[in-house]
Amino acid sequence: MYPVLKIDNLQTHFHTRTGVAKAIDVVSFEIGKGEIVCVVGESGCGKSMTALSVLRLVPHPGRIVGGEIWLDGENLMAFSESEMRAVRGDRVSMIFQEPMVSLNPAFTIGNQLIEAVRIHRRVSRTEARERAIAMLRRVELPAPEARMDAYPHELSGGMRQRVMIAEALLLDPALLLADEPTTALDVTVQAQVLEVMVRAARESGTAIMMITHNLAVVSEIADRVVVMYAGRVVEQGTAEEIFTRPAHPYTRGLLRAIPSLPLGDDDGPRQPLYEMGGLVPSLTDLPPGCAFCPRCPEAFAPCDRERPPGFALGSTHAAACWLHRQEAER
Ligand SMILES: Nc1ncnc2c1ncn2[C@@H]1O[C@H](COP(=O)(O)OP(=O)(O)O)[C@@H](O)[C@H]1O
Ligand SMILES: [Mg+2]
């Protein structure tokens, strides 16, 4: 059986006056049917560009310059623009941080959802309406029938985001790309909205690629985790592997920077909040070795000269770090 999504040696570059920014230097990973995969990493590491590349919506002057993107065994890179339009919003949908940019303020919620169904499916307005109401119920929007007549500005931020989730799941997509979908909301509302998103996606068998920098969220919802740094995957594994046996010093740094996660002795005195030193390198001028080397507390001989490949640490766990060369060879 094919994975829902297989990203194979994807490269997405921005050609700018100051040079070529390798937003995605090279990225490969897969998402299985119904799986929830969280993509994490600091700002500017290429997470959003990975999601936009999957939909072939990289903004100018960015361009996919290499690699393949397989959706259920079909290579999207070989699709025409009209074939891609049929994929977007149907087999693959996406939700963003700020729902006001995606919902049209001039139309009622009902009209937008009904249209979203009818773009892709030949069904009557009545059928489309029923589908929309059922989906609003699934994302636990109170009084869904009445809300069909509301305009976006009449709803709270959390309610609007539920509508966006309903719209994204309307046609039972194989894959939902969620890019920091709740960052603009209050913390308490964030948790409720995420819970609803995950439950609704599980009901329709939809896999999720969830981009977030909030590792507490990841520990709640992820089946697997992909850690990105400077346009590459530096570690991936099951949520358990990443949280209990993080193998890349970058992953360990990210984990130490979250206050709420117990690491090691939970009974000991509380550590002050750790902050990783240094900055993400310029993507126009990546160092020849490991991109994390200048910030890495464990760097040694090969690190600044040679880029580490992904070393397998188990059937589901891999890390691109020279520390694991020997382990992987055993
Ligand atoms: N419009 C743009 N022009 C030039 N470079 C860009 C542009 N948008 C993104 N990039 C490059 O792509 C990199 C990755 O961006 P992005 O995927 O948005 O990061 P993330 O979502 O992980 O914060 C940025 O660090 C930047 O170098
Ligand atoms: Mg982003």
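## Around helix α11

The buried residues of α11 pack against β3 (36-40), α9 (215-221), β9 (224-229), β10 (232-238) and α10 (239-244). Keep in mind as you look that this is a predicted model.

Helix α11 itself spans residues 249-256 and is mostly covered, with six of its eight residues buried. If you want to pick them out, they are Pro249, Tyr250, Thr251, Gly253, Leu254 and Leu255.

Six of the six residues of β9 are buried, so the strand is largely enclosed by the rest of the structure. Which way do its side chains go? Arg224, Val226 and Met228 point one way, while Val225, Val227 and Tyr229 point the other way, and all are buried.

β9 pairs with β3 in the parallel sense, over four bridges. In that pairing, valine 37 has arginine 224 of β9 as its bridge partner. With β10 the sense is antiparallel, and six bridges do the joining; here valine 227 stands opposite glutamate 235. β9 and β10 form a hairpin with two residues between them, and in the turn you'll find alanine 230 with a positive phi of about 45 degrees.

Glutamate 235 sits in strand β10.

The glutamate 235 side chain reaches the backbone nitrogen of alanine 247 at 2.9 Å, and a 2.7 Å polar contact joins the side chain of glutamate 235 to that of histidine 317. Leaving out residues up to four places away in sequence, glutamate 235 touches Val225, Val226, Val227, Ile242, Arg245, Pro246, Ala247, His248, Thr251, His317, Ala318 and Ala319. Among these, Thr251 is one of the buried residues of α11, and Val225, Val226 and Val227 belong to β9.

Now jump to strand β7 (residues 175-179), where aspartate 179 has its place. Aspartate 179 is buried yet has no salt bridge, and the nearest side chain of opposite charge is lysine 47, 6.9 Å away.

What does the aspartate 179 side chain make a polar contact with? The side chain of serine 48, at 2.6 Å. Not counting residues up to four places away in sequence, aspartate 179 touches Ser48, Met94, Ile95, Phe96, Gln97 and Ile211.

## Ligand 1

Lysine 47 and serine 48 turn up again around ligand 1, which is surrounded by Phe14, Thr16, Ala23, Glu42, Ser43, Gly44, Cys45, Gly46, Lys47, Ser48, Met49 and Leu283.

For the polar side of things, look at the ligand's oxygens. An oxygen atom of ligand 1 is 2.7 Å from a polar backbone atom of glycine 44, and a backbone N or O atom of cysteine 45 lies 3.1 Å from an oxygen atom of the ligand. Lysine 47 uses its side chain: an N or O atom there is 2.9 Å from an oxygen atom of ligand 1.

## Strand β1 and its two neighbours

Phe14 and Thr16, both from the ligand's surroundings, lie within the span of strand β1 (residues 5-16). Eight bridges join β1 to strand β4 (residues 62-71), running antiparallel, with histidine 13 opposite arginine 63.

Strand β2 (residues 19-31) is also antiparallel to β1, again through eight bridges. Leucine 5 stands opposite isoleucine 31 in this pair, and β1 and β2 form a hairpin with two residues between them.

## Out at proline 105

To finish, a spot on the outside. Proline 105 is in the loop between α3 (99-102) and α4 (109-120). Is proline 105 buried or exposed? Its relative accessibility is 54%, so it counts as exposed.

Setting aside residues up to four places away in sequence, proline 105 touches Tyr151 and Pro152. Proline 105 and leucine 155 are 50 residues apart in sequence and 11 Å apart in space, C-alpha to C-alpha.

Conventions:
Residues are numbered from 1 along each chain as its sequence is written. Chains are lettered from A and ligands numbered from 1 in the order in which they are written. This is a predicted model: local features need pLDDT of at least 70, side-chain atom pairs count only at pLDDT 80 or more; totals for chains, interfaces and linings use all residues. Side-chain values use heavy atoms; hydrogens and water are left out. Two strands pair if DSSP finds at least two bridges between them. Buried means under 20% relative accessible area, exposed over 50%, partly exposed in between (1.4 Å probe, protein chains only). Lys and Arg count as positive and Asp and Glu as negative; His and the chain ends are not counted. A salt bridge is a side-chain nitrogen of Lys or Arg within 4 Å of a carboxyl oxygen of Asp or Glu. A polar contact is a pair of N or O atoms within 3.5 Å; within protein, one must be able to donate a hydrogen and the other to accept it, and residues adjacent in sequence count only if both atoms are side-chain atoms. Contact means heavy atoms within 4.5 Å. A residue is near a molecule or strand if one of its heavy atoms lies within 4 Å of it.
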